[in-house]
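Work through these exercises with the structure open beside you. Try each task before you read its solution.

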Amino acid sequence: MGLFSCSTDSQSTKQLNVEGSFGEPSLPEQEIFEIKANDETLYAGTDNNLYLKSEKESAWQPLGLPAGKVRTFVVLSEQELLASVNFNNGDSSTIARTNDGGKSWNPFRNGYGGNLQVIPFSMDAEKKNPAVLFARSSPFMYVARSINGGANWENLIGTWNNPNLGAGIFVKIDSNNPQNVWAGGANAFFQPSLFKSENGGDDWKGLTVLKNTEATIHDLLINPNSSDQAIIGLGGILKTTDNGESWEAAFNEAAIYTLTHSARDPEVVYGSGVNALRQLFFIASNDFGDSWQTVEFEGGPTQIQVNDMISVMQNGKEVLYFGTNKGLYSFTFEN
């Protein structure tokens with residue numbers, strides 16, 4: 001277990017209880033790109049394979065794919081998953097699908113990318129109707145949609161063969177209202193890029209985040225009580241309270257690459273990424289970004305970058321999992 005230190009970055013009327021401990025890493029020497037949960041099972045996309053671990057097991061198990069980089073994936077059900085894979089045994093890549101829980105996989109690109117050999121960099125599925133998928137690729141600014149679980153794809157911004165250059169980092173469906181879909185990254189001039197659709201992807205509006213500034217938007221989190229409010233992670237955190245029309249600085253002490261809600265209390269949000277000391281850390285807020293507390297892993301690994309983070313409940317306690325460039329770490333809250 002690891003020691004930690006806590007600091008408060010701005011005033012809050014109610015401080016969070018962030019007592020807890022960091023755990024020993026798992027999947028060491030692997031870079032973890034994405035972590036997701038489905039009931040009592042955790043999944044991790046890494047630079048070597050797609051892994052899973054049930055709550056009853058202590059070890060992570062590879063999910064049967066040939067070795068390759070899994071940058072993003074979606075869990076449609078316990079048996080059906082889609083994974084975006086760059087295989088290690090050559091320069092081939094595809095979208096792979098399993099409908100037997102990972103025992104077998106088959107190519108499932110189905111026209112994604114048109115004639116260009118690109119695969120998703122980010123995918124998200126509707127919670128109540130997971131057959132509706134959205135995907136983004138990099139270095140192109142696609143926003144693609146499938147309404148049948150990936151059997152067909154439609155590019156919603158531009159065309160497959162005439163893409164806008166840029167970094168398509170994420171796509172997020174609003175759990176409050178699945179008609180709201182956000183897509184972010186950076187444009188060809190390395191400036192923040194953010195689009196929003198309010199009709200399920202049929203129409204899109206470009207939003208201005210920062211003018212004349214080089215930055216990439218790495219993640220976005222929507223207020224569970226109000227779709228008008230969202231925060232984005234880039235060289236800090238910006239917050240909007242008017243559907244993205246305007247943004248204000250909410251945190252500037254570290255670069256934030258990932259944001260997530262607390263599994264115990266969805267009004268509590270967490271962020272992580274890269275801080276000045278390149279050590280493992282997370283920040284926590286109970287007022288949707290107006291104030292933050294920082295928790296750092298004292299004496300922990302250095303040169304750490306957190307790519308993704310998820311909060312789950314295990315054995316009655318909240319656990320944060322961090323997907324980093326040096327394996328998977330965890331933080332268990334005491335209360």
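**Exercise 1. A pair of strands**

Find how strand 7 and strand 8 pair, and over how many bridges.

Solution. This model is predicted, so treat each step as a reading of a prediction. Start with strand 8, which covers residues 81-87. Strand 7 pairs with strand 8 in the antiparallel sense. Seven bridges join the two.

**Exercise 2. A pocket and its lining**

Describe the second largest pocket: its volume, its lining and the strands that supply the lining.

Solution. Begin with the volume, which is about 320 Å³. Then take the lining, which has 16 residues. The closest to the pocket centre are Lys53, Gln314, Val319, Tyr321 and Ser330. Sort the lining by class: seven residues are polar, five nonpolar and four charged. Now turn to the strands. Strand 28 (317-324) and strand 29 (327-333) each give at least two lining residues. Strand 29 gives the largest share, with four.

**Exercise 3. One residue of that lining**

Is valine 319 buried or exposed?

Solution. First place the residue: valine 319 lies in strand 28. Its relative accessibility is 5%. The cut-off for buried is under 20%. Valine 319 therefore counts as buried. Finish with a distance. Valine 319 and aspartate 228 are 91 residues apart in sequence, and their C-alpha atoms are 28 Å apart in space.

**Exercise 4. Rings and charges**

Which residues form one aromatic cluster with Phe333, and which charged end sits over the ring of phenylalanine 333?

Solution. List the cluster first. The model's count of aromatic pairs is 15. Next, look over the ring of phenylalanine 333. The charged end of arginine 264 sits there, 5.3 Å from the ring centre. A further case involves lysine 36, whose charged end sits over the ring of phenylalanine 73 at 5.2 Å from its centre.

Note on methods
Residues are numbered from 1 along each chain as its sequence is written. This is a predicted model: local features need pLDDT of at least 70, side-chain atom pairs count only at pLDDT 80 or more; totals for chains, interfaces and linings use all residues. Side-chain values use heavy atoms; hydrogens and water are left out. Two strands pair if DSSP finds at least two bridges between them. On a 1 Å grid over the protein atoms alone, a cavity is a set of points where a 1.4 Å probe fits but cannot get out, and a pocket is an open set with protein on both sides within 12 Å along at least five of seven lines; lining residues have an atom within 4 Å of a point. Grid points are joined across faces, edges and corners, and a volume is the space filled by probe spheres set on the points. Ala, Val, Leu, Ile, Met, Phe, Trp, Tyr, Cys and Pro count as nonpolar, Asp, Glu, Lys and Arg as charged, and the others, Gly among them, as polar. Rings of Phe, Tyr and Trp (its six-membered ring) pair if their centres lie within 6.5 Å; planes under 30 degrees apart count as stacked, over 60 as edge-to-face and the rest as tilted. A charge sits over a ring if NZ of Lys or CZ of Arg is within 6 Å of the ring centre and within 35 degrees of the ring normal. Buried means under 20% relative accessible area, exposed over 50%, partly exposed in between (1.4 Å probe, protein chains only).
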